[in-house]
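Hi everyone, thanks for coming.

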Amino acid sequence: MHSDIIPSTPPAAAAAEKHEEEEEEGGRGTWKHAAFHVATTIATPAAYAPLPFALASLGWPLGFWGYWSVALFQQVASLGNNIAIQIAAGSSLKAVYKYFREDGSLTLQHFIMFFGAFELVLSQLPDIHSLRWVNALCTFSTIGFAATTIGVTIYDGKKTDRNSISYSLQGSSSRKTFRAFNALGIIAFSFGDAMLPEIQNTMREPARKNMYKGVSAAYSVIILSYWQLASCGYWAFGSEVQPYILSSLSVPEWTIVMANLFAVIQISGCYQIYCRPTYAYFEENMLSSKATGRFPLRKYLVRLIFTSIYMALITLIAAAMPFFGDFVSICGAIGFTPLDFVFPSVAYLKAGRMPKDAKCRLSMQLLNFAISTWFSVVAVLGCIGAVKFIIEDIKTYKFFHDM
């Protein structure tokens, strides 16, 4: 694997390596493809949309345990991310439908199922590299979504009576505390990316240079849009901003429809990349080259069956408990926070690549220890807050509630 990010290859990357070695030596992706993949996985409406709500609430060797820890948290991040994405996609599709058919009878659950069926079709593509042009479209949709949503948010904010907007948190002190915990998980979700090892594995040589250029390009898009939307949404709607920012927008309606369409397009690519570690783990362990050699179509049939089971499971959970903000928070807390903020610091300390100067070395050790400790606390608190609100929502709403 061409990686200075995590040499201990997670399951998806291992399967991708095997697939690529059969075709040609080394990866096939360019830095532009990396930029498309990274922007698609991070700058997704599912990550953009809850940031105003959160603001209102406020190469390392890891060995055997590092390998399985990365694999475990990556699977948690993938599953949680796709549940949240499916809820977001269903919400956006329903909003578009209601614009044209205000008295329509279709519910959120119908649109969650429609989106799941579409993702099942995309799931038959073999690997992340095969999604490069899908993710190119998704990247441009990201820009369209961010620009449209920020513009409409400012427009709505200016038309609103500013004296009616409150920025103070409502509820008891304990509820405010849990809401703050929940916000930590949301922010971790918004800025995390659990798929960097898989994306880097698709890069052609020099992989490190191509990946660096791709990540830099992707984060340029992210930095120019994330906090603008977060701050604009908080300014426009105050403490009453909804977990999915598009639900807070009201006029002009045609621009809200456009923003929702951009959201669905972008989300479709992000969903696919986060499916791949699970697909790859299954294919690596269940499909032998000897068996597929005797039955060439067996690989495609098994993939169809497995992806159908996976999609049915994710769709069922998303439809039964469509609590978008809660899933975003718990996914960020126990998936993205360990992978993106704790493990890198621990791995750096374990690698022992410290400066020779004693004072500088001590400073680096203390800094990385502080980062890993702080974000471990963030993960625990975010998880507590998310579980608290999921329990409350289950008590408030029935399963398969049409949000």
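**A tour of the model**

The protein chain has 16 helices and zero strands in its secondary structure. Those elements are DSSP runs, with helices being H or I over at least four residues and strands being E over at least two, numbered from the N terminus. Before we go further, please keep in mind that this is a predicted model, where local features need pLDDT of at least 70, side-chain atom pairs count only at pLDDT 80 or more, and totals for chains, interfaces and linings use all residues. Residues are numbered from 1 along each chain as its sequence is written, and side-chain values use heavy atoms, leaving out hydrogens and water.

Let's start with confidence. pLDDT is the predictor's confidence in each residue, from 0 to 100. The chain averages 76, and 76% of the residues score at least 70. Which elements have the lowest and the highest mean pLDDT? Helix α1, residues 11-23, is the lowest at 45, while α6 is the highest at 93. There are two stretches to treat with care. Residues 1-9 stay under 50 in pLDDT, and the model has 36 contacts for them beyond four places in sequence; a contact means heavy atoms within 4.5 Å. Residues 11-25 also stay under 50, with 30 such contacts. Where pLDDT is low, the predicted coordinates should not be read in detail.

Now for the chain as a whole. Of its 403 residues, 52% are buried. Buried here means under 20% relative accessible area, exposed means over 50%, and partly exposed is in between, using a 1.4 Å probe and protein chains only. The accessible surface comes to about 18,200 Å², and 67% of that belongs to carbon and sulfur atoms. Those areas come from the Shrake-Rupley method with a 1.4 Å probe, and for residues only the protein chains shown count as cover.

So what is inside? The largest nonpolar core has 43 residues, and the members touching the most others are Phe 115, Leu 246, Tyr 271 and Tyr 310. By nonpolar core I mean a set of buried Ala, Val, Leu, Ile, Met, Phe, Trp, Tyr and Cys residues joined through side-chain atoms within 4.5 Å. Helices that each supply at least two core residues include α5 (63-100), α6 (108-122), α12 (253-286) and α14 (298-320). Which helix gives the most? That is α12, with eleven residues. As general background, in soluble globular proteins nonpolar side chains tend to be buried together.

Let's zoom in on Tyr 271. Setting aside residues up to four places away in sequence, Tyr 271 touches Asn 82, Ile 85, Gln 86, Phe 115, Glu 119, Tyr 310, Met 311 and Ile 314.

That brings us to the rings. The whole structure holds seven aromatic pairs. Rings of Phe, Tyr and Trp (its six-membered ring) pair if their centres lie within 6.5 Å; planes under 30 degrees apart count as stacked, over 60 as edge-to-face and the rest as tilted. Phe 115 and Tyr 271 are edge-to-face, because their ring centres are 5.7 Å apart and their planes are at 85°. Phe 115 lies in α6 and Tyr 271 in α12, so this pair ties together parts that are 156 residues apart in sequence. Both Phe 115 and Tyr 271 are buried. Tyr 279 and Phe 306 are edge-to-face too, because their centres are 6.0 Å apart and their planes are at 80°. Here α12 holds Tyr 279 and α14 holds Phe 306, so the pair ties together parts 27 residues apart in sequence. Tyr 279 counts as buried at 3% relative accessibility, and Phe 306 does at 17%. Ring pairs also link Tyr 97, Phe 111 and Phe 114 into a cluster.

Finally, a stop in helix α15, where we find Thr 337. Is Thr 337 buried or exposed? It is buried, with a relative accessible area of 0%. Not counting residues up to four places away in sequence, Thr 337 touches Ala 188, Gly 332, Val 342, Phe 375 and Ala 379. Thr 337 and Ile 187 are 150 residues apart in sequence, yet their C-alpha atoms are 9.5 Å apart in space.
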